[in-house]
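Please look at the sequence and the structure before reading on.

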Amino acid sequence: MFAGETNLSFEISKSTEIIDTFKRQTQIEGAPGPALSFSESKKSGLTNDMVLKQIFNTAGPTPYVPTNIKVLRKATNTIETVPLETYISRVIPGEIGDKMGGKTVEQIKEIYRTQAIAARGYATYSTYFDRKHGSSYDVCDSTCCQVYNPNLTNSYATTATNDTAKKIPALVSGSPYNWNIKYVHAFFFNSCSGNTKSCKDVWGTDVSYLVSVSCPYDPTKYAIPATDGHGVGLCQDGTAGYVTNGYLYTDILPHYYTGASVVTGTYN
Ligand SMILES: [Zn+2]
Ligand SMILES: [Zn+2]
């Protein structure tokens, strides 16, 4: 069983590097076939409300991620075309809030990396599948999508974006040269009171990877028992708590996006 097929009672654990699994499987499975183009992959996909399946004939699962993102700047009503990674480095500082008190430099870096992968996953899903603003641009620059502010960049955000370039959370099954990849609508929010909420309870749509999970290190759990934000997906305060306790983004993202893996995509 591949990591992407982990069942709903998934327990967070220190994960091994996923690429090692691919290498081992590749040695067993044999030679590659031709890779499918993005449009071919989309045609072969199976849609339901919130996910789409892609098949790639590659040794490791390599979902496409957009090279550029078209962002509506609401203040000027103009559309800015920004490279995906530049966009991510300008989104994280506005979305991450102030969770860095008492953290080491390495812990702060890991919190930023985790947020970068979630934000990239959210932006990729918005661009390919959600398209709630129609066809002329991919996302707007407000909390409606993700807060984008070119003036808010910092060195942690830039470094974390580079460290995690092309990485997104995704549900992966299959085997080398015949991968099934489901993109994750990577919702995140500020804090919860010890458990996240399911997508079904909040928005009425049952999504396998957006179920209620424990959030044992959320400091809010011990202070004000309330959820700040919609409560679905990755909890940012809980992430900071996990990092403080030695966990990495390869542990944290599969916990909040149940059954997902962190995979390195390819630009489309
Ligand atoms: Zn929007
Ligand atoms: Zn939490």
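Is helix H7 mostly covered or mostly uncovered?

## Helix H7

Helix H7, residues 236-244, is mostly covered, with eight of its nine residues buried. Buried means under 20% relative accessible area, exposed over 50%, and partly exposed in between (1.4 Å probe, protein chains only). Helices (H or I, at least four residues) and strands (E, at least two) are DSSP runs, numbered from the N terminus. The buried residues include Gln236, Thr239 and Tyr242.

Buried residues of H7 pack against helices H3 (84-96), H4 (105-130) and H8 (249-256), as well as strands S8 (188-189) and S9 (234-235). Contact here means heavy atoms within 4.5 Å. Glycine 246, which follows H7, has a positive phi, near 95°.

## The zinc site

His133 (NE2), Cys140 (SG), Cys144 (SG) and Cys145 (SG) coordinate the zinc ion (ligand 1) at 2.1 to 2.3 Å. Donors are N, O and S atoms within 2.8 Å of the metal (3.2 Å for Na, K and Ca); water is not among the atoms, so sites may look incomplete. Along the chain the donors follow the spacing H-x6-C-x3-C-C.

The arrangement is tetrahedral because the four donor atoms subtend angles of 101 to 121°; for four donors, the term requires all angles to lie between 85 and 135 degrees. Cysteine 144 is partly exposed at 29% relative accessible area, whereas cysteine 145 is buried at 6%.

## Confidence and conventions

This is a predicted model, in which local features need pLDDT of at least 70 and side-chain atom pairs count only at pLDDT 80 or more, while totals for chains, interfaces and linings use all residues. Residues are numbered from 1 along each chain as its sequence is written, chains are lettered from A and ligands numbered from 1 in the order in which they are written, and side-chain values use heavy atoms, without hydrogens and water.

The chain has a mean pLDDT (the predictor's confidence in each residue, from 0 to 100) of 80, and 76% of its residues reach 70 or more.

Methods
Tetrahedral: all angles 85-135°; square planar, octahedral: opposite > 155°, others 65-115°.
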